[in-house]
Amino acid sequence: MTTLDELRAVVPAQGWLGEALERVAADPAAIGRLFPAVGRRCGRAPLPDAPGWSTDEAARALLLAALPAERVAAEAETLYRYGDAAEKRAVLKALPLLPVGDAGVPLLRDAIRTNDPRLVAAALGPYARRLDDAAWRQAVLKCVFMGVPLAVVDHLDERADAELATMLAGLLEERRAAGRDLAPDVLALLDRLKGV
Amino acid sequence: MRILDPHIHMTSRTTDDYERMAAAGVRAVVEPAFWLGQPRTNPGSFTDYFDSLVGWEPFRASQFGIRHHATIALNPKEANDPRCREVLGLLPRYLEKDGVVAVGEVGYDSMTPEEDEVFAAQLALAIEHELPALVHTPHRDKARGTRRSLAVVAESGIDPGRVVLDHLNEVTVGLVRDTGCWLGFSIYPDTKMSPPRMVRILQQYGLERMLVNSAADWGRSDPLLTRATADAMLEAGFTEDDVDRVMWRNPVEFYGQSGRLDVSAVAETGATFAGNSIQRGGS
Ligand SMILES: [Zn+2]
């Protein structure tokens, strides 16, 4: 899992971000107006040295981490509540790096209820270990249904179980009855689960 | 042909509309926050709506290769309902979003004291958040409403070049032409404004600071009337470059003043993982 220190190394606290981090540490409420501006100020390019992260996502994770620890859970909840899709995604990805315990689980559940594959995918990172098995299986099944590549699912093989195999096999049967198929990464997972 | 529809309520439209719009040349849209026909009775209804304008609707548009931006405001009709007034305090969060390119629709519906107050407060927000403003002119008592709107704009101190007065017609265009404000025209399938009338206005008043939109919403309206107006311009002897100016460069210049308009091509896979969940009927 990518750590905060790795993100700090690839997105240095300079310029606008450096000032924003200092402001947030001194005045936590300032994050409400800084957080949405990150994409415009820091850019949105993917970060080759932090696979799966973009510049704006990393900078937003660092802003959250700059908050006083006791404020993080509440601010993350509010920023997610009022966030656009990019902000919501950044909060979801930052959750496993923040001192929030289980407080972020409702955000994950909200993201999984959406019909936006970017949010569903972001909800299935390392923090998803806090989801109960039934919710996690439904989320993986939803990824398959929406065409989100299973590579986004953290610890997929460790957690995938016989129940998930049954659900996937059911979906496969429906698809084939309709003359369609499932993506190769799903068929490969099913094979692994059946021990083929 | 490339079209930016600077005023269209896509929330009320179907995926068929998106498909037909893309085929007609609409590459980008701006969706102003307005009322939904059914009155809202609490601030939460607004935040869910605003969330959709900066989250779900841009995603839906992106699946058809259309770039979606929004303008955010408490609209004049609902400004009169005290239960909705709290929305004003929630606006600053949304006015910082990447996809928000103006404050709007603000202005007048019935010209009440409540509308005066909310209109002025939101022009102040536009200045504070460095955004242009989209002003809806009332459908009833339009000429007086337009004059009064111009007075409020002048009093606010906002640069008139960052303001558009919308839903203008033959009677009100002259009131706005020399104010430095932009001029918006909504083309409807009924009597309010038609493509041939729009062409005559362009012939008479020129192309500078002119914006043409469909204002399509949940009422009787047509999201392809921008294209129909462009075709009518060509038939009347305007050049392709004239059409490009009115349908693309003008709205890009107006909303570009926000510093947030992004009309680079929508990335093939950026938003969807090629998931096409909408075409498949969702989950
Ligand atoms: Zn409108």
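**Exercise 1: an arginine in chain B**

The backbone oxygen of B:Q257 lies 3.4 Å from a polar atom of the side chain of B:R162. This is a predicted model, in which local features need pLDDT of at least 70, side-chain atom pairs count only at pLDDT 80 or more, and totals for chains, interfaces and linings use all residues. Residues are numbered from 1 along each chain as its sequence is written, chains are lettered from A and ligands numbered from 1 in the order in which they are written, and side-chain values use heavy atoms, with hydrogens and water left out.

Task: Find where B:R162 lies and which backbone oxygen lies 2.9 Å from a polar atom of its side chain.

Solution: 
- Step 1. Look at the loop between helix 7 (142-156) and strand 6 (163-166) of chain B; B:R162 lies there.
- Step 2. Turn to the backbone: the oxygen of B:E130 lies 2.9 Å from a polar atom of the B:R162 side chain.

**Exercise 2: a pair across the chains**

Task: Which residue of chain B meets A:E87 in a salt bridge, and why does the pair join two chains?

Solution: 
- Step 1. Take the side chain of A:E87 and look for its partner: B:K97 meets it in a salt bridge, at 2.8 Å from N to O.
- Step 2. A:E87 lies in helix 7 of chain A and B:K97 in the loop between helix 5 (87-94) and strand 4 (100-107) of chain B, so the pair joins two chains.
- Step 3. Check accessibility: A:E87 counts as buried at 1%, and B:K97 is buried at 2%.

**Exercise 3: the interface**

Task: How many salt bridges does the rule find across the interface of chain A and chain B?

Solution: 
- Step 1. Across this interface the rule finds 8 salt bridges.
- Step 2. Pick out B:D98 and A:R44, whose side chains meet in a salt bridge at 3.1 Å, N to O.
- Step 3. Follow the links: A:R33, A:R40, A:R44, B:E96, B:D98 and B:E128 form a network of salt bridges.

How values were computed: Helices (H or I, at least four residues) and strands (E, at least two) are DSSP runs, numbered from the N terminus. A polar contact is a pair of N or O atoms within 3.5 Å; within protein, one must be able to donate a hydrogen and the other to accept it, and residues adjacent in sequence count only if both atoms are side-chain atoms. A salt bridge is a side-chain nitrogen of Lys or Arg within 4 Å of a carboxyl oxygen of Asp or Glu. Buried means under 20% relative accessible area, exposed over 50%, partly exposed in between (1.4 Å probe, protein chains only).
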